[in-house]
Amino acid sequence: IRPTSFEVPNSKDAIYIRWGNQDSDSIFSSSFLRSHCYSDENLDELGAALSSSVVTSDGKPPSLEYSVLMKNKEGIYKWLKSMNDHGLCLIKNVPCDDGEVLKISSIIGKPSHGIYGDKFDVKTVPNP
């Protein structure tokens with residue numbers, strides 16, 4: 001489907017698009033178009049406005065207790081919000097049971113299968 005015509009009203013607050021099937025029109029407000037503009041200039045401005053700090057106001061990386069994360073959807077929301085705002089979130093007091101990392105990562109997405117299998121746990125061994 002391709003647009004067959006478009007119109008910008010005198011107020012320039014929207015664009016009206018008629019599509020090739022003649023049964024469908026779209027109206028996009030200028031504010032919607034501005035918020036979804038992906039030009040290099042706009043992306044640079046957006047990037048400058050985003051927080052790039054990986055620490056919270058107390059100077060530490062954001063963290064969340066395992067029990068809070070696993071309790072309900074509010075815990076998952078807190079985890080995702082921290083990752084969105086800061087780029088990371090430490091999960092504290094995770095049980096040392098085999099497969100816990102995979103269990104946690106499965107909450108937000110399907111883990112990808114790599115050359116080492118579904119998971120690759122790094123374990124420290126004193127004086128190997």
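**Reading aromatic residues and strands**

Q: Is F28 buried or exposed, or does F28 lie in between?
A: F28 is partly exposed, at 26% relative accessible area (buried is under 20%, exposed over 50%, partly exposed in between, with a 1.4 Å probe and protein chains only). The model is predicted, with residues numbered from 1 along each chain as its sequence is written, and side-chain values use heavy atoms without hydrogens or water. Local features need pLDDT of at least 70 and side-chain atom pairs 80 or more, while totals for chains, interfaces and linings use all residues.

Q: How many aromatic pairs does a search of the whole structure find?
A: A pair of aromatic rings is described by the distance of the centres and the angle of the planes. The search finds one pair. The ring centres of F28 and F32 are 5.7 Å apart and their planes meet at 20 degrees, so this pair is stacked (Phe, Tyr or Trp six-membered rings with centres within 6.5 Å; under 30 degrees stacked, over 60 edge-to-face, the rest tilted). F32 is also partly exposed, at 36%.

Q: In which sense do β1 and β2 pair?
A: β1 (residues 3-7) and β2 (residues 14-19) are antiparallel, joined over four bridges (pairing needs at least two DSSP bridges; strands are DSSP E runs of at least two residues, numbered from the N terminus). Within this pairing, F6 faces I17 of β2. Six residues separate the strands of the hairpin, where K12 has a positive phi near 55 degrees.

Q: Over how many bridges do β2 and β3 pair?
A: β2 pairs with β3 (residues 25-29) over five bridges, in the antiparallel sense. Here A14 stands opposite S29 of β3.
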